[in-house]
Every structure is written in C-alpha cells, then in structure tokens.
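Good morning, and thank you for making time for this item.

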Amino acid sequence: MDIQAKIHQKFTEMYGEDGAVFASAGRINLIGEHTDYNGGYVFPGAIDKGIVAEIKLNGTDRVNLYSVDYDARSSFGLEESDKPAEAWACYVFGVCRETIKRGGKVAGFDAAFAGDVPLGAGLSSSAALESCFAFAINELNGNGIDKFELARIGQSTEHNYCGVKCGIMDQFASCFGKAGCLIRLNCKTLEYKYFPFDPAAHGYRLVLVDSCVKHELASSAYNKRRLSCENAAAAIRKNHPEVETLSDSKRLWLEEVRGEIPEEDFLRAEYVIGELQRVLDVCDALERDDFETAGEMMYQTHFGMSKLYEVSCEELDFLNKLARKMDVTGSRVMGGGFGGCTINLVKEELYQPFIDAAKSQFEARFGHAPKIYDVVISDGARRIA
Ligand code: GLA
C-alpha cells in the first residue's frame, strides 16, 4: 500500500471522515554546507522522499496527531504551555505556535501522517514534517502566509522548540522545491534561482550512500559550530564594521584576527569562507555543463568538513576515500554531518561498480552495510488531495 493510502485508512479509522492531504519533501544539497547561517549561498533540491499528512479541522482548540510510522499518538492544546512530551510532536506544536506568533490563526485539527525520509540520514526529515504542516495549517486556516515565511516558521520551530539553531536551507528547499531543479539560494536575502539539473542527460548519476551512523549530541555540536562562526565574525567586525556574517568577510580579514580568536574558531571560519566561494564556483561550472569541476569542489568540501569544520566521521571519510580511489567524479559528506550520507556524483558506467564496492568494503570494515538512495529532484510542499 502506498503511503497516502496507508494514512487514509488510519485517518478514517480514527477520525471518521476524509481530510485534506498535503505532502512535503526532504532535501539534498549539492554543495554549500554550513553556509546558510553564515549568510552565504546553498544549492539544495527537494527529493522524492518526504512526508504525507491527512488533516482536518476538528472544531475544538486541540490538536490530535497520529504518527503512522511510530504508531503513536499525541494530543495538545495551542498555548505555549501545552508543549507535548513526545519529541516528534514538538515539530508540529512548534509550527502551530510559530504560526500564531506571526498573527496566523490555528484552529484545532486531527491529523495522521507518515514519511519515507530515512531518519538520521541528513535528508531533513524534520524540515519535511515542518513544511508539510506549515503549508497545511496555512491553507486550512486561510492565513495567506507566503512561502518565505512558511520556511521561517519551520526554522523558528527548530530554534525554539527543538533546540537546533539551524539555518534556512532545509525548510526553504522543502517549501520551494521544484521537480528537476536545484535551487541556488542566497540565505541572506532569500533571493533564489532554479537551476535545471539533469545529470543523466550528461551521463552522470547522483547517489547517496548512507553510513547509517547517527552521532549523539549532533545538535549541540551543530550549535557549537554556529557559535564559532559568530565569534569569528564578531572579531573581524571590530576591524571591518560591514561584516555582519562570515559571508561579508574576505579570507584576508580572517587572517588579521587569527591570533585573537581560538584556533578552533579560526579553522571553522576558514572552512566556511572556502565553502562560500565553492558554491558559486559549482553553479558557474554547471552552467557550462562542467561536471568535473563541480565534482572536484565536492571533494574539497569533504576535506574542509572533515579536517577544518570537523563534522565528518570515520565511516564517512572511508566512503569518501573509496569514491576518490574509484575515480568517482564528486563525493562528500552531506548536510549537517556527524553521520548520515555521502552525496556522490558518479559517471553512469561507474555507478554499479561503485555501489557494489561501497557496500562490500564498508560492511567488511564496519560490520553493517550502508544504504543506497538514488535521488530524484522533486516538488516541495503542496496539497495533493
Ligand atoms: C542542517 C541544517 C541546515 C544547514 C545544514 C548544513 O541540515 O538544518 O540549516 O546548516 O545542516 O549545511
């Protein structure tokens, strides 16, 4: 049974009538990692894995949720003090609260939802959940909030209800995703451009290799990286008042403050300043259909994320090294890091040998097989029924 049918069965079983159905997507990011909260560019796209929710207003001031995947329920009111105990329900609660804070109406509703974004893989299952509900609540209450603000509602949910001081990339990709296109997004101004992206037309495939490793404390380590960047930017700002975020800084200006900030903060900022340029270089390269340059940049990103930003791990470094050894065009850890996937740009003829080698060599080394996901760039949040 497909996800939508499964949800519908549960929904009618539990709540009697039919509801409206909404869907949203997880995301990949070709390049531009940890640049979003530094005011830089990112280059994500929504994928064909996401969240589907059936939802109906219930005439009360309470929300009743059912997670099909966890086979679990949560019920909560809409006041700030009503935060549910279940971590998974806090994403929906946060979306309700952030909508209300922006002057939107949120009437009580019943909902059942399920998803197929692998959890902990760095594919933003949480952003998919947030944007699905942000979109649904907006539509069912006739709030007329635009998609930029819906993305911010998801981001503020992470900040205020889930403890992750994330940037805007995941929620933006999930709200604005368009089939067949990557999105080059300026995270400072939210100006964006769709880039048609069809590696198959050029003999390439994009494949994710999931290490199935998820490190504890990833969110506190993430928040710590963000603080390092802010510290570095603050030090640079003393000499160059125009520097709000690292995206306004030059490499040279960072060098000027090397002795004044902890070495760790320097290395984090050094990675970010390199990455800010790489996103633009990859966009330029793809405009010329130059996949080789794009791929080389991906390797540079991996190096930076591993050695300077320190958000890779042994398993991901192993997969990256293997890709390099096999002449895979581009490969790097994707998303926040601390486990999850590598994203690989692979020539068609190398696809099968690479996947086979990744599976067998990874399993021999770490005792479990990685998972392989082929990626289809798809639409973001929308109503489907
Ligand atoms: C996570 C965050 C994003 C972004 C990436 C790293 O996915 O949610 O905002 O910072 O990490 O690029």
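Two strands are counted as a pair here if DSSP finds at least two bridges between them. The model on the screen is a predicted one.

With that criterion in place, let us take the sheet made of β2, β7 and β8. These 3 strands form an open sheet in the order β2-β7-β8, with antiparallel pairing. Strands β2, residues 41-42, and β8, residues 192-196, stand at the edges with a single partner strand each, so one side of each has no neighbour in the sheet.

How many bridges join β2 to β7? There are 2 bridges, and the two strands run antiparallel. Within that pairing, tyrosine 41 has asparagine 186 of β7 as its bridge partner. Two of the facing positions may be picked out on the display: arginine 184 stands opposite lysine 193 in β8, and leucine 182 stands opposite phenylalanine 195 in β8.

Strand β7 is mostly covered, with 5 of its 6 residues buried.

Strand β4, residues 62-67, is joined to β5, residues 72-77, by 6 bridges, and the two run antiparallel. Tyrosine 66 stands opposite arginine 73 in β5. The hairpin of β4 and β5 has 4 residues between the strands, and aspartate 71 in the turn has a positive phi of about 45 degrees.

In which sense does β4 run with β6, parallel or antiparallel? The two strands run parallel, and 5 bridges join β4 to β6, residues 109-115. In this pairing, leucine 65 has alanine 111 of β6 as its bridge partner.

Asparagine 320 lies in α10, the helix of residues 314-325. Is asparagine 320 buried or exposed? Its relative accessible area is 10%; since the cut-off for buried is under 20%, asparagine 320 counts as buried. The side chain of asparagine 320 reaches the backbone oxygen of serine 331 at 2.9 Å. Beyond its neighbours within four places in sequence, asparagine 320 is in contact with Tyr299, His302, Ser331 and Arg332.

The structure holds 1 cavity of 30 Å³ or more, and the largest cavity contains about 30 Å³ of space. Which residues line the largest cavity? They are Ile47, Asp48, Lys49, Leu123, Leu208, Tyr373, Asp374, Val375 and Val376. Strands β3, residues 44-57, and β12, residues 371-374, each supply at least two residues of this lining, and the largest share, 3 residues, comes from β3. By class, the lining has 6 nonpolar, no polar and 3 charged residues.

Next come the open spaces. The largest pocket has a volume of about 1100 Å³. It is lined by 47 residues, and those nearest its centre are Tyr91, Ser124, Ser125, Ser126 and Lys214. Several elements give two or more residues to this lining, among them β3, β6, α2 (87-101), α3 (125-140) and β11 (339-347). By class, the lining of the largest pocket has 22 nonpolar, 17 polar and 8 charged residues.

The second largest pocket has a volume of about 230 Å³. Of the 16 residues that line this pocket, Asp36, Tyr37, Asn38, Gly39 and Thr245 are the closest to its centre. Which element gives the largest share of the lining of the second largest pocket? That element is α6, with 4 residues. The class counts for the second largest pocket are 6 nonpolar, 5 polar and 5 charged residues.

How values were computed: Residues are numbered from 1 along each chain as its sequence is written. This is a predicted model: local features need pLDDT of at least 70, side-chain atom pairs count only at pLDDT 80 or more; totals for chains, interfaces and linings use all residues. Side-chain values use heavy atoms; hydrogens and water are left out. Buried means under 20% relative accessible area, exposed over 50%, partly exposed in between (1.4 Å probe, protein chains only). A polar contact is a pair of N or O atoms within 3.5 Å; within protein, one must be able to donate a hydrogen and the other to accept it, and residues adjacent in sequence count only if both atoms are side-chain atoms. Contact means heavy atoms within 4.5 Å. On a 1 Å grid over the protein atoms alone, a cavity is a set of points where a 1.4 Å probe fits but cannot get out, and a pocket is an open set with protein on both sides within 12 Å along at least five of seven lines; lining residues have an atom within 4 Å of a point. Grid points are joined across faces, edges and corners, and a volume is the space filled by probe spheres set on the points. Ala, Val, Leu, Ile, Met, Phe, Trp, Tyr, Cys and Pro count as nonpolar, Asp, Glu, Lys and Arg as charged, and the others, Gly among them, as polar.
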